[in-house]
Amino acid sequence: AVIEHLMCNFFADVPALCAPHGIDPARLLAGNDQLAALEEDSVLEVTGGKVSVARSHRFLVRVAAAAFDAYLARSPRLHSQLA
């Protein structure tokens, strides 16, 4: 759901999306090095668990969404990976 919201709206309220599933949003946000690097590079902003992709960096939305993809690192497929 987080990936879908980022890709479609350039914004995701992680706590609100996690709540119906009983998932602690810290599992997705805390210690997420890729997310922290994107925030440091001003690609996105994380405030109160809400992630928003900067208007000037929307072309990198797939990279932002990939920060939440639990299966990406384990996939042998490389054709769709941007970073």
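**Entry 1: overall layout**

I started by counting elements: the protein has five helices and three strands, taken as DSSP runs numbered from the N terminus, with helices being H or I of at least four residues and strands being E of at least two. This is a predicted model, so I kept in mind that local features need pLDDT of at least 70 and side-chain atom pairs count only at pLDDT 80 or more, while totals for chains, interfaces and linings use all residues. Residues are numbered from 1 along each chain as its sequence is written, and side-chain values use heavy atoms, with hydrogens and water left out.

Reading along the sequence, I get the pattern α-β-α-α-α-β-β-α. I then looked up burial: of the 83 residues, 27% count as buried (under 20% relative accessible area; exposed is over 50%, partly exposed in between, with a 1.4 Å probe and protein chains only). For contacts (heavy atoms within 4.5 Å), I noted that residues 24 or more positions apart account for 48% of those with a separation of 6 or more.

**Entry 2: the sheet**

In what order do the strands sit in the sheet? I find an open sheet of three strands, ordered E1-E3-E2, with antiparallel pairing. Two strands pair if DSSP finds at least two bridges between them. Strand E1 (11-13) and E2 are the edge strands, each pairing on one side only. The twist averages 10° from one strand to the next; axes here are lines fitted to C-alpha atoms, for helices over the stretch in contact, and angles run from 0 to 180 degrees between N-to-C directions.

Next I checked what packs on the sheet. H1 touches E1 and E3, and its direction makes about 145° with that of E1. H4 touches E2 and E3, and its direction makes about 110° with that of E2.

I zoomed in on the hairpin. Strand E2 (residues 44-47) and strand E3 (residues 50-53) run antiparallel and are joined by four bridges. Glu45 has Ser52 as its bridge partner in E3, and Thr47 stands opposite Lys50. Two residues lie between the strands, and Gly48 takes a positive phi near 60°.

I looked for other residues with positive phi. Phe10, in the loop between H1 and E1, has phi near 60°, a positive value in a residue other than glycine. Ser42, in the loop between H4 and E2, has phi near 65°. Ser42 is partly exposed because its relative accessible area is 45%.

**Entry 3: the core**

Which residues have the most contacts inside the largest nonpolar core? They are Val2, Leu6, Leu35, Leu38, Leu44, Val51 and Phe68, in a core of 17 residues. A nonpolar core is a set of buried Ala, Val, Leu, Ile, Met, Phe, Trp, Tyr and Cys residues joined through side-chain atoms within 4.5 Å. Helix H1 (2-9), helix H2 (14-18), helix H4 (33-40), E3 and helix H5 (61-66) each give two or more residues to this core.

Leaving aside neighbours within four places in sequence, Leu35 is in contact with Leu29, Leu44, Val46, Val51, Ala67 and Phe68.

Val61 is buried, since its relative accessible area is 9%. Beyond four places in sequence, Val61 is in contact with Leu6, Met7, Phe10 and Val53. The C-alpha atoms of Val61 and Leu44, 17 residues apart along the chain, are separated by 9.0 Å.

**Entry 4: the loop between H3 and H4**

Is Asn32 buried or exposed? Asn32, found in this loop, counts as buried because its relative accessibility is 14%. Not counting residues up to four places away in sequence, Asn32 touches Ala67 and Phe68.

Ala30 is in the loop between H3 and H4 as well, but Ala30 counts as exposed because its relative accessibility is 55%. I also checked Ala30 against Gly49, 19 residues apart along the chain: their C-alpha atoms are separated by 9.8 Å.

**Entry 5: the largest pocket**

Last, I looked up the largest pocket, which holds about 320 Å³ of space. On a 1 Å grid over the protein atoms alone, a pocket is an open set of points where a 1.4 Å probe fits, with protein on both sides within 12 Å along at least five of seven lines, and lining residues have an atom within 4 Å of a point. Grid points are joined across faces, edges and corners, and the volume is the space filled by probe spheres set on the points.

The lining includes Val2, Leu17, His21, Arg27, Phe68 and Tyr71. H1, H2 and helix H3 (26-29) each give two or more residues to the lining.
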